[in-house]
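Reader: I have a two-chain model open and would like to talk it through. Can we start with the strands?

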Amino acid sequence: MKVDPSTLARIQFAFTVSFHIIFPTMSIGLASFLAVTEALWLKTKESVYLEIYRFWLSIFAMGFGIGVVTGIVLSFEFGLGFARFAEMAGPAIGPMIALEVLTAFFLEAGFLGIMLFGLHRVGPNLHFFATCMVAVGTLLSASWILSANSWMQTPAGVAIHDGHLTVVSWRDVVVNPSWPYRLPHMVTAAYLTASFMVAGVGAWYLLRGKHLHFARKTVALGTAFATVLIAGQVFIGDILYGAMVKYQPSKMQAAEGFWEEESQSPAPYYWLIIPDQKNQRNRFAVGTPYLGSIWLTHSLRGRVEGLKNTPRDRQPRMGMVFYAFRIMYGLAILMFALGVASLWLRLRGRLFASRWFLWMLVLMTPSGIIATLAGWYVAETGRQPWVIYGILRTVDAVSPVPAHALLSTLIGFVCVYSVFMSAFLIFTLRIIRRGPAEAPPHAEASGSLKNAFRPHVLDSPARVVSRQVS
Amino acid sequence: MRLTANKRKPETLGGIGFSTLRRTIMGGSKDLSQFAGLAGTALLGALFFFLIIGVFGLQFAIGGLLVFVVGAVLISQAFPAEGAEP
């Protein structure tokens with residue numbers, strides 16, 4: 001069997017980037033969650049917030065480590081698997097990736113050690129500052145990467161002479177048309193991911209009758225954040241949808257499952273289709289009447305544009321884009337419903353007593369990760385057949401690397417990443433099974449630099465507790 | 001001991017388990033009110049969802065988002081949910 005090298009290069013990049021994005025999504029969300037939790041601990045002096053902080057810090061640290069390692073691989077893949085893309089897009093994308101390292105990574109590297117190991121070595125306020133800086137670092141990192149990827153979706157600020165790309169406006173490259181919408185969409189997705197993870201683990205403890213104080217606080221915090229965030233996410237998502245209809249119509253045409261240049265009126269909202277790309281039609285479709293017009297055109301009888309508006313050689317594969325979009329949107333609807341349900345249960349004082357709700361939270365623990373992955377599949381498969389939309393096709397961007405080299409490295413990646421994922425899951429489940437550790441009831445010494453290295457703040461938590469008891 | 005009517009156990013009245021009946025009626029009304037509450041919440045949630053995704057226009061979407069977020073924050077603060085666990 002002969003396999004096309006360009007297909008293998010794409011599968012390899014899709015696999016490595018899909019694996020990678022799981023961890024930064026968790027890191028961005030958890031870093032800010034940890035900053036909020038530590039702020040609450042410093043403000044209220046309630047030890048449960050410190051317990052929550054410590055518990056999620058371990059999981060954050062593991063995720064952060066895997067995220068960094070798997071992110072480095074991607075930079076090499078640009079050059080190795082997509083050399084023509086790197087050659088052409090380098091002048092625009094290269095500086096943004098370098099700036100990510102110089103701003104975000106340096107900031108994170110400077111403060112991560114204090115955040116992970118400094119709770120009893122520096123004062124609480126200085127430690128809180130370190131946590132905030134790591135959270136800011138993760139946001140900066142997201143900002144640069146989203147800027148680079150959004151430039152690939154909606155390129156701007158460049159001129160092309162003899163096949164070579166020259167930057168004419170850095171401002172337009174960085175603040176390209178889709179970036180202002182995609183950045184908040186991704187950051188909110190990361191925060192939602194963390195909120196549902198936190199709430200899900202708390203719900204699990206409540207159902208098992210363990211660590212009840214910790215569990216109640218995490219469920220209360222997680223559901224409160226998730227409820228506010230999902231409303232914002234739905235709003236941002238709709239604005240982004242409008243922007244993508246304008247800048248990348250083929251993607252949204254594929255995402256909605258319509259082929260005709262104009263759909264019937266009123267348009268249904270399709271939940272299930274079997275697309276036939278060759279004959280440009282759906283073999284089978286199930287949808288809700290009127291809902292397509294209402295949701296997509298904001299009118300009762302509006303018509304929706306289909307994929308036939310895009311020339312065949314510029315069309316993405318409808319099936320991938322459609323189902324990725326349905327998974328993301330379906331999970332968003334479920335999240336919204338759970339957010340509303342959490343408010344209702346709060347009003348009735350049954351947030352911790354309603355077993356069906358707690359089970360739903362447990363089931364939704366990985367929902368943020370799945371929705372984020374699906375969203376990235378919409379973004380990347382919907383951009384096809386382009387790697388830089390309207391400028392460079394994916395097939396023209398691939399390196400002239402033999403198929404066997406790509407296949408062997410792909411197998412290598414699958415093996416190594418399976419070990420990473422297994423280790424992450426084993427250790428995370430072990431942390432969850434063990435539960436939160438005891439935390440001292442009071443905040444420790446002041447966070448001033450003067451106090452940072454005094455011996456009494458170097459005490460272990462156990463000694464601090466024993467001194468307070470005595 | 002002689003039982004007076006008002007001291008009689010409710011179960012003995014007319015051969016019908018009065019407390020069972022009361023429980024059923026009360027339980028039924030509780031279920032009904034719960035169902036009504038749930039249905040009302042679902043409708044309100046759906047209305048906010050349609051508002052926020054801009055079905056009624058951008059101004060209503062922004063208004064709906066603000067009302068939802070402020071409402072969610074106020075409910076979360078006013079009802080910290082320190083209830084019984086399952």
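Author: A definition to begin with: two strands pair if DSSP finds at least two bridges between them. The model is a predicted one. In it, β1 (residues 158-161) and β2 (residues 164-167) of chain A pair over four bridges, in the antiparallel sense.

Reader: Which residue of β2(A) stands opposite H161(A)?

Author: H164(A) does.

Reader: And how many residues lie between β1(A) and β2(A) in the hairpin?

Author: Two. D162(A), in the turn, has a positive phi of about 55°.

Reader: Okay, zooming out. What does the secondary structure of chain A come to?

Author: Chain A has 16 helices and six strands. Chain B has two helices and zero strands.

Reader: Why does the radius of gyration of chain A agree with a compact globule?

Author: Because a compact globule of 470 residues would have a radius of gyration near 23 Å, and chain A has 24 Å. The C-alpha trace of chain A spans about 80 × 50 × 45 Å along its principal axes.

Reader: What share of the residues counts as buried in chain A, and what share in chain B?

Author: In chain A, 48% of the 470 residues count as buried. In chain B, buried residues make up 16% of the 86.

Reader: And the contacts in chain A, how many of those with a separation of 6 or more are between residues 24 or more positions apart?

Author: Such pairs account for 76% of them.

Reader: Pick a residue in a helix. Where is I230(A)?

Author: I230(A) sits in helix α7 of chain A, which covers residues 212-247.

Reader: Is I230(A) buried or exposed, and why?

Author: Buried, because I230(A) has 30 C-beta neighbours inside 10 Å and the cut-off for buried is 20 or more.

Reader: What is I230(A) in contact with, leaving aside neighbours within four places in sequence?

Author: Its contacts are L192(A), A332(A), M335(A), F336(A) and G339(A).

Reader: I also had Y53(A) selected. How far apart are I230(A) and Y53(A)?

Author: They are 23 Å apart, C-alpha to C-alpha, with 177 residues separating them in sequence.

Reader: Change of topic: domains. How is chain A divided?

Author: Domain 1 takes 5-257 + 306-469, and domain 2 takes 263-305. Their C-alpha centres lie 32 Å apart.

Reader: How many residues of each domain are in contact with the other?

Author: 12 residues of domain 1 of chain A are in contact with 12 residues of domain 2 of chain A. On the domain 1 side, the elements giving two or more residues are α8 (249-256) and α10 (318-347) of chain A.

Key. Residues are numbered from 1 along each chain as its sequence is written. Chains are lettered from A and ligands numbered from 1 in the order in which they are written. This is a predicted model: local features need pLDDT of at least 70, side-chain atom pairs count only at pLDDT 80 or more; totals for chains, interfaces and linings use all residues. Domain bounds come from an automatic or database domain assignment. Two residues are in contact if their C-beta atoms, placed from the backbone, lie within 7 Å. A residue is buried if 20 or more other C-beta atoms lie within 10 Å of its own, exposed if 12 or fewer, and partly exposed in between; C-beta atoms are placed from the backbone. The radius of gyration is taken over C-alpha atoms; the globule rule is 2.2 Å times the number of residues to the power 0.38.
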